[in-house]
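Work through the exercises below with the sequence and model open. Each task is followed by its solution.

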Amino acid sequence: MVEDNKKIMKTNTLILHTAALFLLPLQLIFSVFLLLRGHDEPGGGFIAGLVASAAFVLYLFAHGVPATRNILRVAPHDLLAIGLLLGLAAMFPGLLYGEPFLTAQWWEFTLADSVIKLSTVLIFDIGVYFAVLGSILTIVMSLTEAEE
Amino acid sequence: MSPEVVLPILIPLLAGALTLAFWRSQRYQRWITLLAAFALLAAGLWLLDSTRQHGYVVMQMGNWPAPFGISIVADLLSAIMIVLTGIIGLAIAIYSMVVTPDQHERFGYYPLMHLLLAGVSGSFLSGDIFNLFVWFEVMLLASFALLTLGGERAQMEGAIKYVTLNLFSSAIFLSAIGLLYGMVGTLNMADIGYKLSQVEHTGMINVVALMFMISFGIKAAAFPLFFWLPASYHTPLIAVSALFAGLLTKVGVYAMYRVFTLMFTGDVSYTHDILLWAATLTMLTGVLGAAAQFEFRRILSFHIISQIGYMLLGLALYTPLAIIGGVFYIMHHIIVKTNLFLVSGVVYRLLGSYELKKLGGVYKHRPGLALLFLVPALSLAGLPPLSGFFAKFIIIRAGIETEAWVVTAVALLVGLLTLYSMIKIWAEVFWKAVPEGTDTTALTGKRKDSQMWIMLLPLVGLTLCTLYIGLNGQPIFELASDAADQLMNPAGYIEAVLGVLP
């Protein structure tokens with residue numbers, strides 16, 4: 001691990017190396033913000049997934065594939081599978097109410113004086129988020145490893 | 001509510017996601033694949049039953065009313081295609097258990113296969129022209145990956161031609177959709193059909209119609225842009241070849257049937273005449289190409305092309321009988337062609353080659369396998385009482401009735417040449433003695449192959465299907481006839497999707 005870091009440190013600047021550490025959490029928080037904002041305003045699962053994968057890709061460029069796998073903890077194609085399954089799960093609730101597939105279901109409730117709206121659309125968006133994150137990381141990691 | 005109309009799309013999608021989730025366990029992936037294949041076939045039969053009762057089964061996705069949302073529509077033709085997809089999917093799933101190398105399984109063979117099936121089912125069920133394009137792309141994407149899985153040199157060479165031409169076709173398809181949308185302002189196929197039937201036909205509509213024809217023609221491997229098919233279909237794993245051979249080109253044919261019976265019927269003497277000549281030349285070039293080949297899978301690949309010609313001929317003649325013939329032909333062809341590819345895979349396992357010169361002696365040692373080849377092969381050539389005879393008979397009769405003599409003569413000639421090709425394979429692979437220096441331990445049974453019966457299972461099943469279609473032609477003919485009725489009267493489709501018309 002230390003060996004790996006040394007090798008990568010040689011090929012990268014210190015600025016990038018340090019900046020990646022700080023930018024990663026910021027970008028991830030921003031991606032979640034985009035994801036939740038998405039239904040009525042610009043944003044949504046796809047763009048949020050891209051921002052999140054950009055965060056990890058930046059970390060990957062600075063620290064290499066093994067370190068990125070370490071902080072990611074799950075394999076990228078597992079993320080892809082989770083995303084697809086969530087997306088599919090969002091299709092079914094409509095059927096329980098006798099409506100066509102993909103019909104959006106909404107649940108509203110108040111929490112501390114503000115109305116919170118949850119929906120199957122959000123589940124679908126989260127699914128898209130993970131699917132985009134998973135597929136982009138799979139592609140980038142395979143390409144980087146193939147190069148090495 | 002009718003969930004059966006979306007199940008054929010959802011089942012493979014779900015199976016794809018699940019096999020991806022069980023990435024690490026090949027055992028689970030196989031079980032999911034088998035289960036999903038059975039479920040897809042069951043859903044297809046349910047859908048067929050339901051369309052026979054109600055005529056059309058429609059679902060507006062997300063409860064957005066047509067023509068604003070995406071409609072999923074099944075008429076009899078769609079339902080028949082879905083059942084065939086289920087049959088082929090099941091056959092390939094069983095066959096894949098044995099022939100797929102570990103390495104392919106680890107690189108996502110099963111998820112890709114399910115994605116491909118989802119794309120195929122989606123194309124058959126979509127009632128929205130842009131959604132059709134999306135399903136085409138899903139299918140193509142999965143097929144690109146399956147085609148190159150393994151990464152051998154020959155595969156890459158085939159894949160480049162395959163990918164380039166199919167992307168070209170997608171580009172034309174997309175531009176045609178754009179132009180059409182500019183003219184009629186809707187993407188719902190039923191709505192497009194209705195609007196085009198209300199206006200005077202102009203040259204512009206014919207231009208768009210031809211763009212669709214070229215695009216689907218490439219995907220269906222019709223003349224003149226068919227050469228990607230024989231260049232690539234013999235390169236991947238045999239189960240993948242068989243899956244492609246059975247389903248992919250037929251999606252192009254299906255799209256052609258859908259578009260040229262529902263949407264572009266205003267100037268039949270122009271559009272369908274061009275189609276007629278394309279069909280004739282497709283038949284002829286395909287069969288002549290096959291005559292020159294000496295590799296098992298390449299011969300079969302060229303025969304796909306010539307058979308596509310017959311299916312297009314049914315559409316091009318555009319009489320009720322011809323459409324019945326076309327639908328019947330599609331049913332017969334999908335089963336027979338997949339079966340023949342699977343036979344070539346078994347022969348490869350026994351003798352280790354696809355080159356006719358290096359094969360031989362199969363009849364002497366494996367008469368059962370020879371029979372399993374003979375039934376689909378003779379059926380393909382159109383010998384009575386097998387399924388291909390009735391398929392060809394209906395189309396040729398329709399040709400005589402419309403007095404299209406040249407085309408009919410070509411169709412008969414092509415049948416004869418198909419027989420020649422099949423006899424060539426029979427003589428080389430099954431009849432002649434085993435060439436010197438070939439390893440025959442597997443063929444003679446000295447080396448036991450405990451998994452061979454699993455490979456033979458789908459062969460037997462598909463052969464029984466062929467025999468069933470041939471010997472029990474009447475109900476199948478009636479089914480095809482009902483499907484053709486619906487195609488010739490697009491008003492029913494339009495009303496089912498859009499509700500009662502103003």
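**Exercise 1: a helix pair in chain B**

H11(B) and H14(B) are roughly antiparallel to each other, and the task is to show why. This is a predicted model, in which local features need pLDDT of at least 70, side-chain atom pairs count only at pLDDT 80 or more, and totals for chains, interfaces and linings use all residues. Residues are numbered from 1 along each chain as its sequence is written, with chains lettered from A and ligands numbered from 1 in the order in which they are written.

Solution. 
1. Locate helix H11 (residues 238-262) and helix H14 (residues 320-351) of chain B. Helices are DSSP runs of H or I, at least four residues; strands are runs of E, at least two.
2. Take the axes: they come within 8 Å and cross at roughly 165°. Axes are lines fitted to C-alpha atoms over the stretch in contact, with angles from 0 to 180 degrees between N-to-C directions.
3. Apply the cut-off: angles over 145 degrees count as roughly antiparallel.

**Exercise 2: the fold of chain A**

Describe the elements and dimensions of chain A.

Solution. 
1. List the elements: seven helices and two strands.
2. Take the spans: the C-alpha trace of chain A covers about 60 × 35 × 20 Å along its principal axes.
3. Find the buried share: 34% of the 148 residues in chain A. Buried means 20 or more other C-beta atoms, placed from the backbone, within 10 Å of the residue's own.

Definitions and conventions:
Angles under 35 degrees count as roughly parallel, over 145 as roughly antiparallel, 65 to 115 as roughly perpendicular and the rest as oblique. A residue is buried if 20 or more other C-beta atoms lie within 10 Å of its own, exposed if 12 or fewer, and partly exposed in between; C-beta atoms are placed from the backbone.
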